[in-house]
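Me: I have not looked at this one before. Can you walk me through it while I ask things as they come up?
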Amino acid sequence: MERPLTEHITPGTTLTLKDSLKVGGYDGVRKALKEMAPAEIVNLVKTSNLLGRGGAGFPTGLKWSFVPMGPDAPKTKYLICNADEMEPGTFKDRYLMENNPHQLIAGMIITAYAIQAEKAYIFLRWAYKKSEAVLRNALAEAYAAGYLGKNILGTGFNLDIYIHTSAGRYICGEETALINSLEGKRGIPRAKPPFPAVSGLFGKPTVVNNVETLSWISHIVEKGIDWFKALSLTGEGGTKLMGVSGRVKLPGLWELPLGIPMREVIENYAGGMSDGYRLRAVIPGGASTDFVPVDQIDVKMDYKSLPAIGSRLGTATMIILDDKTCPVAFLHNIERFFAIESCGWCTPCREGLPWVQKILLAIEDGKGKVEDLDILTHHTHYLGPGNTFCAHAPGAMEPLQSGLKYFHEDFMRHINEKHCPWKN
Amino acid sequence: MTDKLKNETMLTDHEKEEILEESKAYPYLKAVCVDALKIVQHHRGWVSDDSIIDIAGFLQMSVHEVDSVATFYSRIYRQPVGRNMILICDSMSCMIMGYEKLYDYISEKLGIRFGGTTTDGRFTLLPISCLGDCHKAPSMMINNELFSLLTKELIDELLIKYE
């Protein structure tokens with residue numbers, strides 16, 4: 001089984017430029033800049049069907065293809081790497097940045113060339129101190145070796161990459177909020193259209209891609225579409241970093257082919273449940289994905305199979321809900337997070353999420369009523385897609401709607417017994 | 001406040017240099033606002049009303065605009081904080097792995113709840129959402145360092161290292 005993104009990583013040891021060059025880390029850059037036209041690269045990535053690895057799964061090449069090109073296109077364009085990893089349960093981009101920073105930088109160089117952007121930013125989560133140190137060092141190495149700066153590899157292409165460390169707030173991972181934040185403003189999402197590819201950072205065409213997405217680019221350029229497609233088990237293309245956290249024997253992160261059954265990841269890689277714990281449900285890819293109940297964990301981990309059972313792949317870093325954790329308290333924890341992190345711009349999200357959180361807290365504390373379940377169900381529609389300014393509140397409603405469905409009995413026990421059965 | 005606005009900016013030369021250096025990444029000065037707040041906080045521990053006015057003057061922004069940016073971000077502190085910042089992850093994986101008991105332990109040990117600062121100014125305790133360390137939960141940060149697989153014993157060992 002091939003693991004292109006992580007095969008050269010020895011955890012805890014960062015690949016230096018020298019290490020990276022030894023394993024051909026910049027071969028893709030050389031090929032792209034010297035042998036390929038920008039449009040060729042956009043087409044290649046489009047045909048590869050590389051889906052965005054940040055959680056939404058939007059086709060990467062399609063996103064790039066919206067950027068105006070040619071002599072009439074704006075001269076200034078930007079590429080932004082979204083490294084604001086903050087989806088609860090997600091710990092994959094940190095791993096790629098801390099261990100193989102040049103893979104990301106190489107991907108950024110090729111992407112910037114493909115959309116003809118001469119400035120790029122890495123929007124990095126404040127808390128990722130080690131990633132910041134590693135990236136700053138790797139950028140300095142790349143500049144010194146002529147992979148960044150003016151006239152890269154004598155091709156006439158120029159690129160500067162800047163690191164912006166954020167100041168906290170989950171919403172900054174939403175690409176238009178990220179752009180506002182990078183402009184020094186409050187991180188509030190923007191109305192779309194115009195889409196960032198047309199008018200983004202500082203009003204210029206901008207592409208925002210996730211760390212894991214960008215880490216793929218040099219591999220695809222170098223080894224081609226057929227190779228990329230063959231990596232996955234279900235034809236979607238590529239591997240995916242997948243993680244498991246919670247009460248399992250070996251929590252961790254692995255690069256696995258898209259399409260691998262969820263059960264296999266949990267049992268074979270994460271070692272199965274810890275002694276004394278039973279699996280109840282899985283959050284497959286971060287806080288904003290629907291629960292997968294225990295009887296459906298044979299689902300394939302990919303972009304099509306999970307929606308077919310009412311969930312999403314998201315970031316593919318699973319959180320295991322065990323039988324000794326109260327599902328109502330767990331949902332309360334999730335909704336508290338979303339309530340706190342609402343940017344406050346639109347009313348349904350600003351007012352609705354704290355309302356949901358308070359009801360869940362009341363139920364958890366044994367003060368809930370049966371009617372509260374109707375109010376919660378109402379919110380899953382009222383705060384759902386199309387009713388709010390961005391995807392924050394709809395994301396918050398995903399675990400709630402599936403939680404209400406799968407844990408109905410647990411909700412009723414809290415209400416009828418007037419206390420949390422998980423607390424003494 | 002109006003007197004202050006008329007005065008020369010009180011940012012130190014060092015802070016101004018750092019802000020200008022950071023601003024080279026952007027096409028105009030105002031865009032450096034978040035970085036400027038972080039730079040001032042780095043030197044002073046927090047961002048006071050006076051600092052907001054000073055930054056606004058330096059970046060030629062309105063005071064309210066700078067304050068609106070400052071209050072948006074959770075890692076910009078608009079109140080004085082202790083010499084060391086403890087950030088306990090309170091998200092899902094850390095909840096499953098028992099952060100609440102560790103929070104109670106730290107809280108009792110230091111005599112403060114979330115949002116509090118010890119009377120000697122040594123520690124401030126705040127919650128933080130997912131630190132991206134879920135496979136090694138429960139986790140927390142003290143200042144710029146991440147600590148994983150926390151236990152009461154490990155917390156005892158850690159806290160004595162910070163003065």
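Me: Which residues of H9(A) are buried?
Reply: This is a predicted model. In H9(A), the buried residues are Val211(A), Glu212(A), Thr213(A), Leu214(A), Ser215(A), Trp216(A), Ile217(A), Ser218(A), His219(A), Ile220(A), Val221(A) and Glu222(A).

Me: And what does that say about the helix's surroundings?
Reply: H9(A) is largely enclosed by the rest of the structure, because 12 of its 13 residues are buried.

Me: Where is the kink in helix H9 of chain A centred?
Reply: On Ile217(A), with a kink of about 25°. Ile217(A) is also one of the buried residues of H9(A).

Me: What follows H9(A)?
Reply: Gly224(A), and its phi is positive, near 90°.

Me: OK, the core. Which residues touch the most other members of the largest nonpolar core?
Reply: Ile80(A), Ile109(A) and Ala120(A), out of 174 residues in that core. Helix H6 of chain A, residues 101-115, gives the largest share of the core, with 10 residues.

Me: Why would nonpolar residues gather like that?
Reply: In soluble globular proteins, nonpolar side chains tend to be buried together.

Me: What does Ala120(A) touch?
Reply: Leaving out residues up to four places away in sequence, Ala120(A) touches Tyr78(A), Leu79(A), Ile80(A), Cys81(A), Met108(A), Ala112(A), Leu159(A) and Ile161(A).

Me: Zooming out, how is chain A divided into domains?
Reply: Domain 1 covers 17-231, domain 2 covers 244-322 and domain 3 covers 327-417. The centres of domain 1 and domain 3 of chain A, taken over C-alpha atoms, are separated by 35 Å.

Me: How many residues are in contact between domain 1 and domain 3 of chain A?
Reply: 9 residues of domain 1 are in contact with 8 residues of domain 3. The domain 1 side of that contact divides into 6 nonpolar, 1 polar and 2 charged residues.

Me: How many helices and strands does chain B have?
Reply: Chain B has 8 helices and 4 strands. Along the sequence the pattern runs α-α-α-α-α-β-α-α-β-β-β-α.

Me: What are the domains of chain B?
Reply: The domain assignment gives domain 1 (2-72) and domain 2 (84-159). Their centres, taken over C-alpha atoms, are separated by 30 Å. The C-alpha trace of chain B spans about 50 × 35 × 25 Å along its principal axes.

Me: What share of chain B counts as buried?
Reply: 42% of its 163 residues.

Me: Which residues does Lys16(B) touch?
Reply: Leu11(B) and Phe58(B), not counting residues up to four places away in sequence. Lys16(B) and Phe58(B) are 42 residues apart in sequence, but 8.2 Å apart in space, C-alpha to C-alpha.

Notes
Residues numbered from 1 in each chain as written. Chains lettered and ligands numbered in written order. Predicted model: local features only at pLDDT ≥ 70, side-chain atom pairs only at ≥ 80, totals over all residues. Bend = angle between axes of the 7 residues up to and from the residue. Helix = DSSP H or I, 4+ residues; strand = E, 2+ residues; numbered from the N terminus. Buried ≥ 20, exposed ≤ 12 C-beta atoms within 10 Å, placed from the backbone. Domains from an automatic or database assignment. Core = buried A, V, L, I, M, F, W, Y, C linked by C-beta atoms within 7 Å. Contact = placed C-beta atoms within 7 Å. Nonpolar A, V, L, I, M, F, W, Y, C, P; charged D, E, K, R; others polar.
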